[in-house]
Amino acid sequence: MTAQLVAELELPLLQTIGLERLDAIAAIEEARSQHWLARTDMGYCVTGLNDVTAILRDKRFHSALSILPQMSGLPELEEPSRRRKSILSMEGDEHARLRRLVAPAFTPLSANRLRPTMRAVLGDLIERVVGDGECEFVSAVCEPYPIPIICELLGAPPEDWKLFSSWATDIFRIFNGTLEQDLPLIDRASTELTAYVSDLISARRADPRDDLLSDLIAVEEEGDRLSTEEMAMLAQAVLMAGTDTTRNQLACSVAVFSEHPEQWRLLGRQPALASRAVEESLRYLGAVRATVRFAAEDVTYRDVLFPRGTIVSTSLAGANRDPELWIRPNEFDITQERGQAQMTFGSGIHFCLGAALARAELQEALPLLARRIPGLARNGPVEWKPANFGIWGPARLPIRFDAS
Ligand code: HEM
């Protein structure tokens, strides 16, 4: 049977931009009930768990991050030497080599080194509001939580946390959809961060410590080592991929718990449920709802031909609630053994490098919060960030709780 050209298929239209959270989920479910593939404003979208996994593991599809400027309507960027490739947009042997070299520095064991810092930072943030019985949770806790952890991971001292925070804000502008206007700010932040990290690397070469950069300097595999430039790129990728994600996920998780007070109580009483609470909230309401690929060559998948350049987004949110593979997917239940992995960290070669760290951050945060702010409830409506394919969650989450 010859493959059918994707443009010739009759497909449901899936538009989630601008929809409320539950409406977006309903739109995905509606599209999935008609076909495994949907048409979107950008290209196409797969919504079932098996298709999402297959596309993310298919090396003929590449990360769309490298073509983000073109997707935003910008011409090819003029100075390719200044735009170092990120691990997120590398492919093939280049990506495999880098992952092999850096993977040992991102194990659960190395994430565990940072657990005392996580507890201290979060404990300090929560102490500031615990007597008030209410707060706006995003600005009080989620925003400030991850930067100190990433700084500690890299080995940057507390006096520089503010600097990292402003670089992170500017570098995240890449996802704002206003790239043309933001490019100078993004480039400046990126150049300053690279210079800072390069200095830190020189310092660690002379005087190794118990941190990520010292680990990366020590890495050597069959004579292959990471260059200073590669380590600086990785530091930027970690800052970019590891702060806004964690912030938004913590806010998403607490927003969900505020709708399920009995499960919050249970977690407060049984901190051993932390790991399940984290996996279930990542599944039920993940901060990364989709990730985008493009066909790097003509690709035939499930008898459909995707011509080179076709954009295919993979709905992690859809995969996480695929009714064919999850039992009661629309129920939030931290006591249920789900039997398979949630998809919010992606799959395939770009599977989240910081998954162990993110899990540790959330596993430390949720039970501590459940114990320190019992009686969690909404104190007004949640203001959700506008839906796009980037990182998503509440912009404002007013909560109240039993003051202590
Ligand atoms: C709850 C928090 C997080 C979520 C939901 C998340 C999600 C993801 C997803 C979905 C991807 C794959 C993107 C794609 O396939 O296009 C990814 C990649 C990545 N993440 Fe995370 N992430 C989180 C936290 C972190 C943290 C804390 C770090 C810091 C170490 C981190 C570092 C990275 C890196 C470096 C990549 C690129 C890996 C590669 O391309 O090989 N992430 N993340």
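The model is predicted, and residues are numbered from 1 along each chain as its sequence is written. Local features need pLDDT of at least 70, side-chain atom pairs count only at pLDDT 80 or more, totals for chains, interfaces and linings use all residues, and side-chain values use heavy atoms, with hydrogens and water left out.

**The ligand and its iron atom**

Select the ligand first, and then Cys 352. The SG atom of Cys 352 is the only protein donor of the ligand's iron atom, at 2.3 Å. Donors here are N, O and S atoms within 2.8 Å of the metal (3.2 Å for Na, K and Ca); water is not among the atoms, so sites may look incomplete. Cys 352 belongs to the loop between helix 16 (316-319) and helix 17. Helices (H or I, at least four residues) and strands (E, at least two) are DSSP runs, numbered from the N terminus.

Next, display the surroundings of the ligand. They comprise 26 residues, and the closest are Arg 99, Thr 291, Arg 293, His 350 and Cys 352; a residue is counted if one of its heavy atoms lies within 4 Å. Select His 350: one of its polar side-chain atoms lies 2.6 Å from an oxygen atom of the ligand. At Ile 87, a backbone N or O atom lies 3.3 Å from an oxygen atom of the ligand. At Ala 241, a polar backbone atom is 3.2 Å from a nitrogen atom of the ligand.

Is Ser 347 buried or exposed? Its relative accessible area is 7%, so Ser 347 is buried. Buried means under 20% relative accessible area, exposed over 50%, and partly exposed in between (1.4 Å probe, protein chains only). Ser 347 touches Thr 53, Leu 56 and Arg 57, not counting residues up to four places away in sequence; contact means heavy atoms within 4.5 Å. With Arg 57 there is also a polar contact from side chain to side chain, at 3.2 Å. A polar contact is a pair of N or O atoms within 3.5 Å; within protein, one must be able to donate a hydrogen and the other to accept it, and residues adjacent in sequence count only if both atoms are side-chain atoms.

Arg 328 is placed in the loop between helix 16 and helix 17 as well. Arg 328 is not a glycine, yet its phi is positive, at about 45°. With a relative accessible area of 46%, Arg 328 is partly exposed.

**The nonpolar cores**

Now select Phe 137, Phe 164, Leu 250, Trp 264 and Leu 369. These residues have the most contacts inside the largest nonpolar core, which has 94 residues. A nonpolar core is a set of buried Ala, Val, Leu, Ile, Met, Phe, Trp, Tyr and Cys residues joined through side-chain atoms within 4.5 Å. Helix 17 (residues 355-372) gives the most to this core, with 11 residues. A second, separate core of 22 residues includes Leu 9, Val 304, Leu 316 and Met 343.

Return to Leu 250 and show its contacts. Beyond residues up to four places away in sequence, Leu 250 touches several residues, among them Phe 137, Tyr 145, Leu 362 and Leu 369.

**Strand 9 and its partners**

Select residues 311-315, which form strand 9; 5 of its 5 residues are buried. Ile 311, Ser 313 and Ser 315 point one way, while Val 312 and Thr 314 point the other way. Strand 3 (residues 44-46) runs parallel to strand 9 and is joined to it by 3 bridges; two strands pair if DSSP finds at least two bridges between them. Val 46 has Thr 314 as its bridge partner in strand 9. Strand 6 (residues 290-295) runs antiparallel to strand 9, with 5 bridges, and Phe 294 is partnered by Ile 311.

Finally, select Thr 300 in strand 7 (residues 299-301). Thr 300 is partly exposed, at 39% relative accessibility. Apart from neighbours within four places in sequence, Thr 300 is in contact with Ala 3, Arg 60 and Leu 305.
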